[in-house]
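Thanks, everyone. Let me put the model up, and then we walk through it piece by piece.

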Amino acid sequence: MKYCLSLVFVLFCFVCRSASAGLTIEITQGSDEPTPIAIAPFAGASPALPEDVRDIISEDLKRSGLFRSIPQRDMLSSPSKEDEIFYRDWRVLGASYLVIGRMTQDANGYALEYELYDVLAQKNIFRKLTRGSATSLRDIAHAAADQIFESITNIRGIFSTKIIYVEDLRRDGPGRYRLMEADADGAREKVLFASSQPILSPSWSNNGRQVAYVSFETSRPAIYRMDLATGTREQLTNFRGLNGAPSWSPDDSKLAFVLSKDGNPEIYILDLYTKRLTRVTNSPLAIDTEPNWTPDGKSLIFTSDRGGAPQIYQIGLATGRVERLTFDGDYNARPRVTADGKSLVMVHRENGIFHIAWQDIATGRRRILTETWLDESPTLAPNGAMLLYATQYNNKGVLAAVSLDAGVKYRLPSKAGDVREPAWSPFLRN
Amino acid sequence: MAKSIKTLLLVMSVLGMFSACSSKTTKSPEPEPTPTPMATPAEPTAAELEAQERAKCDALDKVYYFDFDKSVVQPDAQAALTAEAECIKKFSSSVRLEGNADERGSREYNMALGERRANAVRDYLVLQGVDPTMIETVSYGEERPAVMGSNEEAWAKNRRVELIAK
């Protein structure tokens, strides 16, 4: 099985497809002016299939905040070919777009042929085909949702991406803390690694193939990386003091992280091929932590309290020049740069409340994105349109998502325990 | 008559001393109270004294609390640590200090804050003469709250350093 973990040096780990646990999605705020889209039932999609492909596409588009999906029960007809489309049936429902399709099954698995139409212009936009194995109906649905989304919005879809996060079952035992992976919609949750000791700061490599994280399994924090295909783990650091906040360079050849081995928390870079360690920051009385690479690989942005309280700074790796980026609020930390390098999201405290805020790096213009409090660990979807973070709800740690235009909000609690520290995958090659 | 009573007392004191040398602290059998007001009570033995001191050391508070965002050792913690330092110097070969923070703010910054607190306690102990090579500091950040809850009472109980002496 793809995620079979059978390694000598792993102290606590097991393979698990969690049947009872799992993330659910609760939409807490819808968008103001979503685009209405109708997805007609697909011909050949028997109710006996383990997944409702049409429904998954519909939920994906709704969750983006940019679409409203016309309910199936309101539909007046179910075309599955172009010559079966009666455009008036869709205009009266207010649909701007129509998706029709046909599912077929062969020896290799399933195929979905699907077509997108502009209802008002009464013309076809595209015809596409996506194939998958018998176990990947969800992948077929997400691939179709990505294509539909991108065709209409010109933004790349993130429905085929994944998330990793930490789960705390809140009762002592060998599996109390778990590093989890799930689809971006919370489905198909699986345990990557379990331990009786805390796990923190999971981080995806940019090629989507590895995860770095901090584990206390040796009774002190140390940084590990795991290959997702094989489950192989490697311990990368073993220094006294802090070993934390690993962050992958854009080409995945290096990891930046925090160590306090030289007396106080400073940022270092480890070359993963040569294993050479280089020190980056030098502020003897301060905490420097939470490094994050800029997309051009030339700087790190990081948290530092060298000015008295945590704020966000940028350091040029060639020049060593340090520049402070945040000036509003008495606490700014845990920065994450957007893919275009122009803005960042962070934990920001104002009036005693911790929110997630967005800031344009060049202008300093700032916007608070969340209405929850005790917010932490922001992570951006690779298309930059959605933000996932950790917060509290009903005395439990939950994940929450907000679109960057702050239009849609939803919550992902787990049935099992506290969930936190999400990290959104890059675009994945399937 | 007085001489044999004295001998009896002497023998019983010796017996009492032997029983006090066993690993458990057991009460040595008290000599019968004599009617003579001039009789002296048995002196505590060296082993009894050590056992009493160890018990006092074990009973010392080993958790020290901090103000929000601060790593300054508070006055009541200083008093406890001064006593603890003497205990460590006498009885311990290793000390582990575990630093913690409350849940607010970012997790890795809180790891660093927990470490700062553990280091502050370590530095205080070293000032009292404890050998620094004996002390290990580890931070758990906000990962191991002592008290669950998102309120001031819980947070105050989680901003702490715990001392484990061996």
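Two residues are in contact if their C-beta atoms, placed from the backbone, lie within 7 Å. This is a predicted model, where local features need pLDDT of at least 70, side-chain atom pairs count only at pLDDT 80 or more, and totals for chains, interfaces and linings use all residues. Residues are numbered from 1 along each chain as its sequence is written, while chains are lettered from A and ligands numbered from 1 in the order in which they are written.

Chain B to begin. Helices are DSSP runs of H or I of at least four residues, strands are runs of E of at least two, and both are numbered from the N terminus. Which residues of H3(B) meet H4(B)? Gln78(B), Leu81(B), Ala85(B) and Ile88(B) do, and on the H4(B) side they meet Val121(B), Tyr124(B) and Leu125(B). For the classes, Ala, Val, Leu, Ile, Met, Phe, Trp, Tyr, Cys and Pro count as nonpolar, Asp, Glu, Lys and Arg as charged, and the others, Gly among them, as polar.

Now the geometry. H3(B) covers residues 75-91 and H4(B) covers residues 107-127; they pack at about 60 degrees, axes 9 Å apart. Axes are lines fitted to C-alpha atoms, for helices over the stretch in contact, and angles run from 0 to 180 degrees between N-to-C directions. The pair is therefore oblique. The cut-offs: under 35 degrees is roughly parallel, over 145 roughly antiparallel, 65 to 115 roughly perpendicular, and the rest oblique.

On to chain A. Chain A has 3 helices and 30 strands. H1(A), residues 53-63, packs on H3(A), residues 137-153, at about 45 degrees, with axes 8 Å apart. So this pair is oblique too. Residues of H1(A) in the contact include Ile56(A) and Ile57(A); among their counterparts in H3(A) are Ala144(A) and Ile148(A). The class count here is 11 nonpolar, 1 polar and 2 charged.

Next, a hairpin. Strands pair if DSSP finds at least two bridges between them. S5(A), residues 109-118, and S6(A), residues 123-132, run antiparallel and are joined by 9 bridges. Glu113(A) sits opposite Leu129(A). The turn has 4 residues between the strands, and Gln122(A) there has a positive phi of about 55 degrees.

Then an open sheet: 4 strands, order S18-S19-S20-S21 in chain A, antiparallel pairing. S20(A), residues 311-316, joins S21(A) through 3 bridges. Gln314(A) has Glu323(A) as its bridge partner in S21(A).

H4(B) lies across S18 and S19 of chain A, at about 155 degrees to S18(A). What does each chain put into the contact? Chain A supplies 26 residues and chain B supplies 16. S10, S14, S18, S22 and S26 of chain A each supply at least two residues of chain A's side. S22(A) gives the most, with 3 residues. By class, chain A's side has 13 nonpolar, 8 polar and 5 charged residues.
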